[in-house]
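These are my notebook entries on one structure.

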Amino acid sequence: MESPSYYAIIPANVRYDKDLPANAKLLYGEITALCNKKGYCWASNKHFADLYGIKEGSVSRLISKLAKKGYLNIKLVYKENSKEIDKRALTISTTPINNKEHTPTQKSEDPMHNIVKENTTSINTKSTSCRKRVFDEQSDYFKLAKSLFDLIKRNDPSTKEPNLQKWADDMRKIVELDKRDINKVRNLIKWTENDEFWSTNILSASKFRKQYQQLTLKARAEYKKQHPSEPKRTQLSPEEAEQQFKSRLVERIKNAKYAGRTAPEIYEQVKASADRPIEYDYVLEIYQGVSV
């Protein structure tokens, strides 16, 4: 769009409006110059942004400010049979809104601002999602990836080195997204590549992640098979517990007496290692009652 050759008009109420930033007043003047030709202004936010060296979003906010104050009217023209905006027409308002009256008849927010925001957000989202992570070789995730590859290569020396950065990211997902304990991940990698079946089936980090739950269940079942739990002991009654304690004590005192220890010596030894208080008379009674 060509720069207009018409003069710009900035009336006193706009020039001295303390709520308006200087750029808004300058933009208002530019819009009046463009309106002088046809009575309205079709210029886009990009046109004004390029003209003054500012961002399109800034232009949109300035237009919204002028419209809110009642200095501009905004009219939208839609594409035929569509809700998509085709053009935006700006016209100069002859009855600005004062501070006490709030009777706007036109849109005060520039709808083009939302379009700019959506486009910017979309671009930022795409650029963020396209940004690849780079893992240091000393990072836990890279070490897990390298560990898995080394074990696979140990089982099949002809295996070519994969993209370990991608494998490291899979390890990150296992820990951060799947909420797996990193130490258990490390142990499961070792178990997997030592298992006769899974060592030939888990050949990548992504496959390891996919089968993680099944691998965990298999490893757990194998561990239980190799380490059967001991049968639960029946809880003793107080009388049975006392009898058991006394039997162990009698055997101990008998052995000490056979070794030539005296009753006081045996008492000090028993008292130091017992899990409950023991009276000397109790030990002495047993000492005198056992024969060697």
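What covers the buried residues of α6? I noted first that this is a predicted model, in which local features need pLDDT of at least 70 and side-chain atom pairs count only at pLDDT 80 or more, while totals for chains, interfaces and linings use all residues. Residues are numbered from 1 along each chain as its sequence is written, and side-chain values use heavy atoms, with hydrogens and water left out.

**Entry 1. Helix α6**

I found that the cover over the buried residues of α6 includes α7 (164-177), α8 (182-194) and α9 (205-210). Helices here are DSSP runs (H or I, at least four residues), numbered from the N terminus. I listed the buried residues of α6 as Y141, F142, L144, A145, L148, F149, L151 and I152. Buried stands for under 20% relative accessible area, exposed for over 50%, and partly exposed for what lies in between (1.4 Å probe, protein chains only).

I then checked the length of α6. The helix holds 16 residues (140-155) and should span 22 Å at 1.5 Å a residue; its end C-alpha atoms are 23 Å apart, which agrees. The expected span is 1.5 Å times one less than the number of residues.

**Entry 2. A pair within α6**

I looked up K146 and found a salt bridge to D150, with the closest N and O atoms 3.0 Å apart. A salt bridge is a side-chain nitrogen of Lys or Arg within 4 Å of a carboxyl oxygen of Asp or Glu. Both residues lie in α6, four residues apart, about one turn of the helix. An α-helix has 3.6 residues a turn, so residues three or four places apart point the same way. K146 is partly exposed at 32% relative accessible area, and D150 is likewise partly exposed at 36%.

By the salt-bridge rule I recorded a count of ten. One of them joins D169 and R133, whose closest N and O atoms are 3.9 Å apart. This pair links distant parts of the chain: D169 is in helix α7 and R133 in the loop between α5 (112-130) and α6, 36 residues apart. D169 counts as buried because its relative accessibility is 17%, whereas R133 counts as exposed because its value is 51%.

I next took R209 and D178, whose side chains meet in a salt bridge at 2.9 Å, N to O. Here R209 belongs to helix α9 and D178 to the loop between α7 and α8, 31 residues apart. R209 is partly exposed at 28% relative accessibility, and D178 is partly exposed at 29%. I also noted a network in which salt bridges that share partners join R133, D169, R172, K173 and E176.

Returning to D178, I read a C-alpha separation of 9.0 Å from R209. Leaving aside neighbours within four places in sequence, D178 is in contact (heavy atoms within 4.5 Å) with K173 and R209.

E193 sits in helix α8. Its contacts, apart from neighbours within four places in sequence, are L148, L151, I152, R154, N155, S199 and I202.

Definitions and conventions. Helix = DSSP H or I, 4+ residues; strand = E, 2+ residues; numbered from the N terminus.
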